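Have a look at it first, and then we'll go through a few of its parts.

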Amino acid sequence: MSIFLQDGNAGLPVVEAPEGWLAAIVEAWDGPIYVGGPDFRIRYMNRRFIDTLGRDAAGELCFSALHGREEPCPWCSLEVFAGRKVSGFFQHPVTGRCYQVSNVPLPLADGTFAKVAFIRESTEPEALVRDLPVFRNIVDRLSDAILFFDPENGRVLYANDLACQGLGYNRETLLGMQLPDFAEAPPSLGDWHALPERIDREGIAVFEARHRRSDGIFFDVEIKASRLQAGLQRFIVAIVRDITGRKEAEARLIEERNKVEAIMAAMGDGITVQDRDFRIIYQNEVLIRRRGNHYGEPCYRVYAGRDEVCNDCAAQKSFADGKVHRRPFTTTSPGGEILQLEITACPLHDAAGEVVACVELVRDVTEQKRLETSREEAFSAVSHEMRTPLTAVLGFAQFMEENSTSPEQQREYLGLIVKEGERLKRLIDNLLSLQRLRAGFGLVSPAPVWIYPLMYEVAEHYRTPLVSQRVEIDCLLDLPPVLGESVRLQEAVTNLLDNAVKYSPAESTIVLGGETDGDRVLLWVRNEGSGIPAEEQEKIFERFYRLQGRNRPAGTGLGLALVREIAHAHGGRVWVDSDPGATTFFLSLPLAPCPGASG
């Protein structure tokens with residue numbers, strides 16, 4: 001018996017109500033049955049379906065009449081009307097009831113397919129997900145929270161126990177919620193409505209978000225979301241992992257990294273990291289400022305201008321034996337200055353103990369080398385300065401002992417012995433005083449010191465035939481006193497005057513001056529001469545530093561260093577103002593408190 005008739009209006013076959021044994025089979029089915037055509041219109045509904053729906057929907061679009069959708073269901077378009085049987089679970093979007101559906105393709109005379117749908121309502125609300133094999137494979141075996149969502153409205157269809165515990169809801173409450181009810185959409189997603197599109201675009205969407213527990217506390221999670229189709233129903237499955245601990249660890253790591261970077265940025269030394277191919281993979285700011293940014297370039301090409309690894313390369317040795325190596329290195333700055341560097345190479349190991357990179361600390365020791373050279377020269381000069389007066393003293397004394405001399409010669413020789421002895425004593429006193437002050441021993445018994453008498457006494461030592469320069473004093477007799485030690489201040493003024501005599505032309509004038517300057521006394525020593533270059537005016541107060549260039553007088557480099565230490569010990573300071581033709585050293589000291597003044 002043929003049950004297919006031609007629909008004259010649509011040109012498509014229609015289905016009449018079955019008769020006889022076929023009707024008995026249809027009525028024996030304990031659930032709804034309907035037949036749909038390839039145009040998605042309902043051709044037939046059995047009595048149970050008509051009673052369930054409340055009307056006979058024959059001729060209506062099946063996806064609209066039965067599912068409340070605005071477009072065809074994808075499984076019909078792609079599978080059933082292509083001749084494949086599809087079975088599975090379906091949840092009605094309005095009533096929320098779950099159904100088990102079997103869609104059977106029905107061949108038509110024109111080679112297309114209609115379908116016969118056999119439907120039975122599921123008695124278990126969770127059967128939609130619980131009976132899926134994927135549920136057993138994922139939900140029951142993973143130690144992560146698992147959530148199933150409706151892709152259209154975001155409603156929770158199922159949540160495993162771990163998801164319920166993590167969010168603090170029982171399952172019944174959670175199943176009535178939607179994703180935005182307990183989760184903040186991450187900035188990378190914008191809005192939860194964009195999640196299905198992202199999943200369709202990426203396959204599996206992986207991102208971080210924040211979930212809110214029932215008590216209002218937020219916690220960080222990582223979500224891996226994907227689509228899942230089981231029969232007729234599609235889901236969004238989200239595997240949710242609490243990453244609060246990981247985020248805290250990451251924050252600590254970032255903090256530690258920032259500390260390390262801050263330390264490296266604050267260091268005066270350059271730091272670079274090279275991989276095993278000697279390519280630069282890190283430079284700190286100091287090195288970038290000095291030599292430029294050269295990430296990815298070979299270190300030997302950047303720093304040595306070579307096409308191959310440097311001879312005696314410290315990094316190469318560290319890669320070979322995993323130990324720390326040091327070596328000196330000479331190069332040229334971009335401005336053409338010769339630089340003396342000290343390179344320390346330290347291997348960087350991975351978790352397995354393999355050397356994967358090398359950290360190099362590049363220290364500029366150009367100034368240090370210069371100071372070492374100056375110190376060696378200074379020690380040599382000190383030895384010479386001490387040996388010269390000592391030789392004179394011993395020579396004149398031995399001559400007088402071995403030869404008869406007239407009273408005039410004896411007076412002359414004894415005068416020279418005294419002069420050289422005082423010179424030797426002054427050198428030794430300078431060394432001892434400087435060492436004592438640098439060791440932290442301050443003033444022993446400070447008292448008011450009057451300036452004019454001190455200047456007069458110092459100047460008198462230089463008003464001899466042996467000193468060709470004229471020494472004048474420009475200071476009031478009643479200039480207020482300073483608080484200090486007379487012996488130390490006399491040492492300071494003596495060294496300034498000695499320095500002026502050493503660098504002044506013969507027959508020139510040297511002036512010792514003093515005046516009040518607010519609550520301080522300002523002393524100065526002015527002399528004529530070639531002047532001190534601006535770049536050396538700060539360095540001359542360093543120990544053992546002597547002016548560079550030819551025709552410079554011999555010296556130890558201790559006098560001005562001692563003046564600075566004495567000034568600091570008295571709460572004062574010393575500086576120089578020099579131009580070609582004149583140089584003035586200034587010494588500023590605080591006034592002594594007035595008698596009877598309260599402090």
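## Salt bridges, a sheet and a helix

D215 is partly exposed, because its relative accessible area is 47%; buried means under 20%, exposed over 50%, and partly exposed in between, with a 1.4 Å probe and protein chains only. This is a predicted model, where local features need pLDDT of at least 70 and side-chain atom pairs count only at pLDDT 80 or more, while totals for chains, interfaces and linings use all residues. Residues are numbered from 1 along each chain as its sequence is written, and side-chain values use heavy atoms, leaving out hydrogens and water.

D215 has a salt-bridge partner, R213. A salt bridge here is a side-chain nitrogen of Lys or Arg within 4 Å of a carboxyl oxygen of Asp or Glu, and by this rule the count comes to 20. Here are some of them:

| Pair | N to O distance |
|---|---|
| R213 and D215 | 3.5 Å |
| R227 and D200 | 2.6 Å |
| E208 and R246 | 2.6 Å |

E208 sits in strand β11 (residues 204-212) and R246 in helix α10 (residues 244-266), 38 residues apart. Helices (H or I, at least four residues) and strands (E, at least two) are DSSP runs, numbered from the N terminus.

Now for the sheet. It's an open one of 5 strands, in the order β20-β22-β23-β25-β24, with mixed pairing; two strands pair if DSSP finds at least two bridges between them. At the edges are β20 (470-474) and β24 (573-579), each pairing on one side only. Strands β22 (residues 509-517) and β23 (residues 520-529) run antiparallel over 7 bridges, and G513 has W524 in β23 as its bridge partner.

Helix α17 packs on this sheet, touching β20, β22, β23 and β25 (581-590), and its direction makes about 20° with that of β23. Contact means heavy atoms within 4.5 Å; axes are lines fitted to C-alpha atoms, for helices over the stretch in contact, and angles run from 0 to 180 degrees between N-to-C directions.

A polar atom of its side chain lies 2.8 Å from the backbone oxygen of E491. Not counting residues up to four places away in sequence, N495 touches N430, G559, L562 and V563.

Technical notes: A polar contact is a pair of N or O atoms within 3.5 Å; within protein, one must be able to donate a hydrogen and the other to accept it, and residues adjacent in sequence count only if both atoms are side-chain atoms.
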